[in-house]
Amino acid sequence: MTPHATLRIEKAAIEANTRTLVGSTQAEVMAVVKADGFGHGLAALSALEAGATRLGVTSIEEALPLRWMGVEAPILSWLNPLDADATAAIRNRIELAVPSIGHLGRYAAAASRCGGVARIHLHVDTGMARDGAAADEWRPLCDLAREYEARGLVEVVGIMSHLARADEPGHPLTVRQRLLFDAAVRTAVRRGLRPRVRHLAATAATLTDASTHFDLVRVGAGLYGIDPSGTTTLRGAMTLSSRVTTVREVRAATPVGYGSRYLTDRPTRLALVPLGYADGVPRGLSDGASAWVRGRRVPIAGAVSMDQLVIDVGELGVEAGEEVVLFGPGDDGEPTLHEWAGWAGTIEHELVTRIGSRVHVEEAA
Ligand SMILES: *Cc1c(COP(=O)(O)O)cnc(C)c1O
């Protein structure tokens, strides 16, 4: 039985992209594998075979299974609720980012309870007003970290921050954030801390601004072929495909799908594809959105439904059972993720992380 839809993940693409990123910096490279490796599953770990030396994830829950499956590289988890299981993190050598005094207290208490040491990265906000300690909390946070370090409860491994506008190369906010980051590091050092791993850049800044690289860059998007700065050619690692269920012949001016939003402009043939928004295909698509069948691009006809969409295949002679590619790396002229993001009015990151669980995943070397 063939699956109704397949997501093919190409490890070689992730490895090639990793090598490009490693080659664009003197710093150590952390592979960001949060959100199930940006939807690429365990294939994302192949970045470790291509030069990345650390892993980064959001939560402790994402980090633990990586350790349990035998990953030895340092793993950093940077976004956790106050009552997260810090003890499990410490016991499994998961490093923790610290965005507040409250978090620091919890992590030190957990270390004390389990007789371990919490390896931490102090996280400072330098201009996103999102995660990380605010400017007025930074000094007390450094002082408290120093105190816990003296008591053997924590080890301050690093200091981190995150850039808001690195996808616009040369933006003045990036300069400002880099200077504020420098100042925050100096404050920490003056207060007795010795952070060895300073990190600020993600994919865009890794590719466009060496002054932001410090000791480590945290790259996610780039591993998977997404360049938010639009300056580099990376290779998409996903191909989403399906098979035609049925084909029907229709007259000109036939309305298609919910809301009759598409009217055929000629007598034509319509093919039904069993992929919908529950599988991650965006519902709102602009005109021009297309799929690829028999070596040609054909328009998506009408609204995408939960489980299905229709393509207008005209004279192509498409039959039930034939393969339809929604997006891929673009080798044969099929639409790319980049084009799909444009048709959907979003970014590639959103598309790769929302593929539904019904889609069969297949890994290619
Ligand atoms: C997701 C994330 C990254 C990776 O960003 P990319 O632009 O995908 O490379 C880096 N750092 C933090 C804090 C993140 O949340």
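**A walk from the pocket to the cavity**

Start by colouring α8: with three residues, this helix gives the most to the lining of the largest pocket. Helices here are DSSP runs (H or I, at least four residues) and strands are too (E, at least two), numbered from the N terminus. Before going on, note that this is a predicted model, where local features need pLDDT of at least 70, side-chain atom pairs count only at pLDDT 80 or more, and totals for chains, interfaces and linings use all residues. Residues are numbered from 1 along each chain as its sequence is written, and side-chain values use heavy atoms, with hydrogens and water left out.

Next, select α2, α8 (203-208), β9 and α10 (348-352), the elements that give two or more residues to the lining of the largest pocket. On a 1 Å grid over the protein atoms alone, a pocket is an open set of points with protein on both sides within 12 Å along at least five of seven lines, a cavity is a set where a 1.4 Å probe fits but cannot get out, and lining residues have an atom within 4 Å of a point. The pocket holds about 770 Å³ of space, counted as what probe spheres set on the points fill, with points joined across faces, edges and corners. Zoom to its centre: of the 32 lining residues, Lys34, His162, Leu163, Ala202 and His349 are the closest.

**The ligand**

Now show the ligand, which takes up the space of the largest pocket (more than half of its atoms lie within 2 Å of the grid points). What surrounds the ligand? Pick residues with a heavy atom within 4 Å and you get Val32, Lys34, Phe38, Trp78, His162, Ala202, Thr203, Arg218, Val219, Gly220 and Ala221. Both α2 (34-38) and β9 (216-219) supply at least two of this shell.

- Thr203: a side-chain N or O atom is 2.5 Å from a ligand oxygen.
- Arg218: a polar side-chain atom is 2.8 Å from a ligand nitrogen.
- Ala221: a polar backbone atom is 2.8 Å from a ligand oxygen.

Of the 390 Å² of accessible area that the ligand has on its own, the protein covers 89% (Shrake-Rupley method, 1.4 Å probe).

**The cavity**

Select Leu240, Gly280, Val281, Pro282, Leu326, Phe327, Trp340, Leu351 and Ile355 to see its lining.

How values were computed:
Polar contact = N/O pair within 3.5 Å; in protein donor to acceptor, adjacent residues only side chain to side chain.
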